[in-house]
Amino acid sequence: MKKFLIALLTASMIGGFAGCSSTSSSSSTTSKKASDSKIGVAMPTKSLQRWNQDGTNMKSQLEAKGYKVDLQYAENDVNTQVSQIENMITSGDKVIVIAPIDGSALTDVLSKASDEGVKVVSYDRLIMNTPNVDYYATFDNFKVGVIQGQFIENKLGLKDGKGPFNMEVFGGSPDDNNAKVFYQGEMSVLKKYIDNGKLVVKSGQVDFDKVAISGWKSETAQARMDNIITSKYASGAKLDVVLSPNDSLAIGVVASLKNAGYGTSSKPFPILTGQDCDKPNVVALKNDQQSMSVFKDTRNLATNVVKMVDAIVSGKKAPVNDTKTYNNGSKVVPSFLCDPISVDKSNYKQVLIDTKYYSESDIK
Ligand code: BGC
C-alpha cells in the first residue's frame with residue numbers, strides 16, 4: 001500500500017466543525033494533574049492517512065493541555081500493538097487510548113492494565129470481549145453505512161422504482177467491529193433492493209463474510225474486483241455501482257476498474273462509495289472516479305477523547321452521549337459518538353477546504 005506523507009496539522013485546524021459537540025464541559029487549562037500524567041496513544045498503522053491524522057491530532061491536543069504523550073503505531077501487527085500497550089502500562093501511563101488492530105486480541109493485556117489501575121479509552125474501533133475498557137469514542141458507525149446506502153439509493157432513483165442495476169459489494173476487515181456496523185447500516189438501506197431484484201449482485205457475494213477484505217487492504221480489494229470483472233462482467237455487462245465501505249478499498253476498486261477500461265464516455269466509472277476523505281480519494285472525487293466519501297473529522301474525535309482523558313485523570317465521569325449501542329461482548333461500553341458527513345464533488349470545498357482540514361494544494 002502506498003504510504004502517504006502527512007503534513008502536520010496546524011493548531012488552527014483543531015476543533016470546531018462537524019457536529020460532535022459534547023454536552024459537558026471540561027477544563028481548558030493545564031492542570032497539575034495533566035503535567036503529572038503520561039497518556040498512551042496506540043494507533044494501528046501509519047500506512048493509512050486517517051490514522052496519521054488521528055495520532056497527530058491526539059498528540060497535539062493532549063500536549064496543549066499539558067499531558068506527556070506516548071504515541072505509538074503498530075503497522076497493523078497485533079503482537080507489536082500488544083507489546084506497545086504493555087510498555088505503556090509498565091512505564092506508568094495513566095490512561096491509554098487505543099485504536100485496536102484486532103478488536104478481540106487485547107483481553108490479556110487489558111487485564112494487566114486493570115490490575116495496574118490504568119484506564120482505557122477505545123478509539124474509533126471497539127475493543128471487544130473485555131470488561132477492562134472504560135469508554136469508547138467514535139463516529140456513528142451505523143450512520144456511516146446509512147449515508148453510503150442512501151447515496152446509492154438516491155443516485156440510482158431506487159425509491160422511484162428504477163432498476164435493475166448491477167452492484168458489487170465490499171466489506172471491511174472482519175477483525176474490526178466497525179466493519180460489521182458499517183455493513184449493517186448499508187444493508188439497512190440497500191437489502192430491500194437486493195431482495196426485490198432492483199440491485200443485482202452478479203457475483204452472488206453479498207453476505208459480510210463473503211465480501212470482507214482482511215486488513216482493509218487496497219490490493220486485496222483490487223484483486224477481488226479483478227476476479228469479479230473477469231468472471232461476471234467480461235461479456236459486456238455493465239457494472240453500475242460498487243459499494244465500498246472506505247477509501248482504502250475504493251482505491252483498489254478504482255485501480256481495477258481503470259485496468260478493465262472503465263472511465264471513458266462509453267464506459268463511465270460506476271457509482272463508488274467510500275469513507276475517510278483521504279487525499280487521493282478526494283482527488284478521485286474531483287476526477288469523477290469515486291462518487292462520494294464519508295468525512296469523519298478526526299479533529300473533533302480527538303477533542304472529545306481529550307475531554308474524556310481530562311475527566312478520567314481528574315477522577316470524574318467522562319462525557320458520553322450513547323450508553324446503549326456498543327456492547328463489546330462483555331459489557332455495554334459508554335460511548336461518545338461524533339457525526340459523519342456525506343461528501344461529494346458538490347460540497348468537498350465547503351466541508352474540507354473551508355474548515356482548513358485540507359488546503360487546495362493537498363488535493364491537487
Ligand atoms: C475506521 C475507518 C477506516 C478503516 C480502515 C475503520 O475502523 O473507522 O475510518 O477507513 O478502519 O483503517
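In the predicted model, the side chain of asparagine 246 places an N or O atom 2.8 Å from an oxygen atom of the ligand, a polar contact being a pair of N or O atoms within 3.5 Å. The protein covers 99% of the 310 Å² of accessible area that the ligand has on its own, with areas computed by the Shrake-Rupley method and a 1.4 Å probe. An N or O atom in the side chain of aspartate 124 lies 2.7 Å from a ligand oxygen atom, and a polar side-chain atom of arginine 125 is 2.7 Å from an oxygen atom of the ligand. Residues are numbered from 1 along each chain as its sequence is written. Local features require pLDDT of at least 70 and side-chain atom pairs pLDDT 80 or more, whereas totals for chains, interfaces and linings use all residues, and side-chain values rest on heavy atoms, without hydrogens and water.

The ligand is surrounded by 13 residues, counted where a heavy atom lies within 4 Å of it, and the closest are Arg50, Asp124, Arg125, Asp176 and Asp276. By class, this shell comprises 6 charged, 4 nonpolar and 3 polar residues. Because domain 1 (2-133 + 297-339) and domain 2 (141-295) both give residues to the shell, the ligand lies between them.

Turning to the backbone, a cis peptide bond with omega of about 5 degrees joins glycine 163 and proline 164, and proline 164 is found in the loop between helix 5 (141-156) and strand 6 (165-169). Tryptophan 216, in the loop between helix 7 (208-211) and helix 8 (218-232), has a positive phi near 55 degrees.

Definitions and conventions:
Polar contact = N/O pair within 3.5 Å; in protein donor to acceptor, adjacent residues only side chain to side chain. Nonpolar A, V, L, I, M, F, W, Y, C, P; charged D, E, K, R; others polar. Domains from an automatic or database assignment. Helix = DSSP H or I, 4+ residues; strand = E, 2+ residues; numbered from the N terminus.
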